[in-house]
Structures are given as C-alpha cells and as structure tokens.
Amino acid sequence: MPQATTPATPLPHPATVPLATAASAFVMQGDALYLDCAAQGPRLRSAHTAGLAAFEAVARPWQRVSPTPPEQREKLRALLSQLFAGEAHAVALVPSAAFGLATAANSLPLAAGDTVLVLEGQFPSNLLCWQQRCAETGARLRGVSRESGQDWTDAVLAAIAEEPNLRIATLPQVRWDDGAMLDLDRISAALQEREVALVLDLSQSLGIVAPDIERWQPDFIVSVGYKWLLGARGLACLWASPRWREDGRPIEHHWIAHDGGPDWRFAIETAAPFADGARRFDAGGLDDPVRLAVAIAGLEQVLAWDPGKIATALGERTSALHDALDAAGLSAWATRDHAPHLMALTPPTAILAAADAALRDSNITCTCRHGRLRIAPHLHVATGDMARVADALSRFA
Ligand SMILES: Cc1ncc(COP(=O)(O)O)c(C=O)c1O
C-alpha cells in the first residue's frame, strides 16, 4: 500500500503594508529616533514574523516545511531580479558585498600596467579586493579625490580622461559616508567609449534609486541586503552581465553553484558544469531558512512600496531636516547635493563630540565618523520627527 506523505508545514507569508501606513510596518520602540539605516535597515514586522517562524521550524529538522531553502533561494533571486532588468538568472546570492566584489575582481581581466579606478574613502569592501588583485597582477589603483568645489562626477570624469590604461572602474552610486551621488549616466558613457569595465557597489542605493542596466552596461553589481533592502545580514546579491554569466570565475566552488545532474553525482575526472547563469557565483552556506525568510519578506515590502516612491518619501524627510536646520541657523553644517535618503552634517571639529552626544541624549541614533554625523532615515520616521535633530543641535548655533 503506498504510504501517505505528510504534507509540508507552510511557513507564514506575512502581508505587506500600504505606503500610506508604512510606519506601522516596522518594529520600533517608543521615543527612539533611529536614523542609522545606512548602517542597518530597520526591522519590518513581516520580516520579523517570517524569521521567527523559520527559526522555530529549523528546530524540528525532521519536519518538512514549505517553501524549502532551495525554493526560498529561487524566490529571493526572482524578487531581486525585479530591482535589475528582471532576469532571475542574472542574480547570484552571496554572503557579503566583499564576496561579490572579490568575485568581480577574480573574473575581470587585469594585467601589469593596467589601472583600476576607485574613489578616495570608498567603502573598504570595494577597495581591499582590488588592492589584492593589483598586487597580484602588477596593475595600479587610482584613487579619485575632489578638488575644492568639484563634485564626484566631474572628479571621476577627469580621472577617466587622465588614465590611458584604465581597465576597470569600481564605484558606488551613493557614497556611504555622506550620501553624495555620482551621475552614472555620464560616467558610464565615458567608460563605454573607452571599453572600460564597470563594477558597482550599490549597497547604499539599491532599494531606493533604481540602476539603469541598459544605459550603464555594468559588468557586475553588488549590494548587501540588510540596509535599504530591509533584509538579513549575511545575504547579499551579485548581478552579472551576460558575458560574465558565461565566463565569470567564482572565488569558491560550492556544489550549490554546480549541476550534479539528476542523481547528484560529481565525477572525479570532469568537474560538474556550472548551474545556470549567475548561479555559478552562488556561495555556499546561504541555505539558511531564517536569513532567506527575512530577506524575502523585506524585499516583498520594498517592491510593494516601490523604490521610486520610497525615495520620494525619504526625500521629504531629508528636506524637512534641511528646513529645520535652516530655521535653527545650522544650515552650513548640512551636505546639499545628496541622495534622497542619506545626508551628513559636518559640525566644526571642536564641537563634533558634543553634537554627537547631544543627539544621543535626545535618543537619536546615527553614525558619527570621519568628522560627520550621517543621517539616514527610512519610512519608520515621520517627516515631522526630523526637526528633533535640529532641536537637539540648536544650542550649538
Ligand atoms: C557602500 C557599502 N558597501 C558595502 C558595505 C558592507 O559590505 P560587506 O557586506 O562586505 O560587509 C557597506 C556597509 O556599510 C557599505 O556602506
């Protein structure tokens, strides 16, 4: 007699919240004004519920659950692809931005005498792997810095023009430290004219500012998941262009990135072929139902709100802070040309520590680093709350 199969226990699939009531979607506490989303996104209730349920389920590994981790992986990949050009097979799952960038560095050709372009002060995940690759190949790193009054885009364009042997530019769209934006339309056009490869670390913009794949023609794009994608730590994404989906060199060879065939066998003589598309870059150790559940719930909410609409709403919050700073006589501290969701205040050095302490005393959380207070709200913050920052700092005017 055929044995009845026990049905798999379904993991919960929490509903998304409409944009009009977005603040209610977050797990937040009392009076805290959390403005450090460039460090860590705020936790969605839906992601929290989904993560807890997955955590409970992994305590009973004998119990079948639905979706399985491979199904979760494919679901997450499909959701992520909606942030790019919609092709699921263009996206790999990796544990960190650094892992994805190291994959890009391992795949792109580079030789002695070539140059790789980075920004001065760019996030170290997008620097260290290139230092290593340049040391191995005899290539050279060119750090772009700004002349006074110059913006980053003009500084990058000038550096591109000055470097005859430029092979790779590896850049952000939004700077992690003060929210300054690069005009990737202009930069990518200059790179394409010279056939220079473009690698992008969009950890501070994906989920807010949409990448234009068609126009920029990047080779690789990476982003962490735990900031503006409202997902989990230890789960980042790597988008690869069609060429590298065929030719790219992964930095590890996990079985998950290879096709073991229907009976899942790996011959000694010949390596099993890569899995389809960018899946060849999929890293091991990511079959964690908890992280995957959190990442899926986060991304479903971001997509339901629509990154463009999130950007508009967050732009209202940073504008409200500018208005409040103007009224408090502190407008000179604020960066002006910044992304809608990320800005910085630069108090005089002598009072930086006191200004940081004043914010903390008012239960406001932000990052103080390199002489700046970095301000990065998400939709848990009401536009009216932003004045609290100016109020807390008003005695320094
Ligand atoms: C621009 C940027 N890239 C990458 C990261 C994190 O990278 P990783 O996942 O390698 O730790 C951060 C974190 O703040 C960041 O701001």
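Helix α5 (residues 152–162) packs with helix α6 (residues 184–193) at an angle of about 5°, their axes lying 10 Å apart, where axes are lines fitted to C-alpha atoms, for helices over the stretch in contact, and angles run from 0 to 180 degrees between N-to-C directions. That makes α5 roughly parallel to α6, a term for angles under 35 degrees; helices here are DSSP runs of H or I with at least four residues, strands are runs of E with at least two, and both are numbered from the N terminus. This is a predicted model, in which local features need pLDDT of at least 70 and side-chain atom pairs count only at pLDDT 80 or more, while totals for chains, interfaces and linings use all residues. Residues are numbered from 1 along each chain as its sequence is written, and side-chain values use heavy atoms, with hydrogens and water left out.

Thr 153, Asp 154, Val 156, Leu 157 and Ile 160 of α5 meet Arg 186, Ile 187, Ala 190 and Leu 191 of α6, contact meaning heavy atoms within 4.5 Å. By class, the contact of α5 with α6 has six nonpolar, one polar and two charged residues, with Ala, Val, Leu, Ile, Met, Phe, Trp, Tyr, Cys and Pro counted as nonpolar, Asp, Glu, Lys and Arg as charged, and the others, Gly among them, as polar.

On the scale of the chain, the domain assignment gives domain 1 (69–304) and domain 2 (307–396), with bounds that come from an automatic or database assignment. Their centres, taken over C-alpha atoms, are separated by 30 Å, and the contact takes 17 residues from domain 1 and 21 residues from domain 2.

The largest pocket lies between the two domains, because both give residues to its lining. A pocket is an open set of points on a 1 Å grid over the protein atoms alone, with protein on both sides within 12 Å along at least five of seven lines, whereas a cavity is a set where a 1.4 Å probe fits but cannot get out; lining residues have an atom within 4 Å of a point. The largest pocket holds about 340 Å³ of space, a volume being the space filled by probe spheres set on grid points, which are joined across faces, edges and corners. Of its 16 lining residues, Arg 146, Asp 151, Trp 152, Ala 180 and Asp 337 are the closest to its centre.

How values were computed: Parallel < 35°, antiparallel > 145°, perpendicular 65-115°, else oblique.
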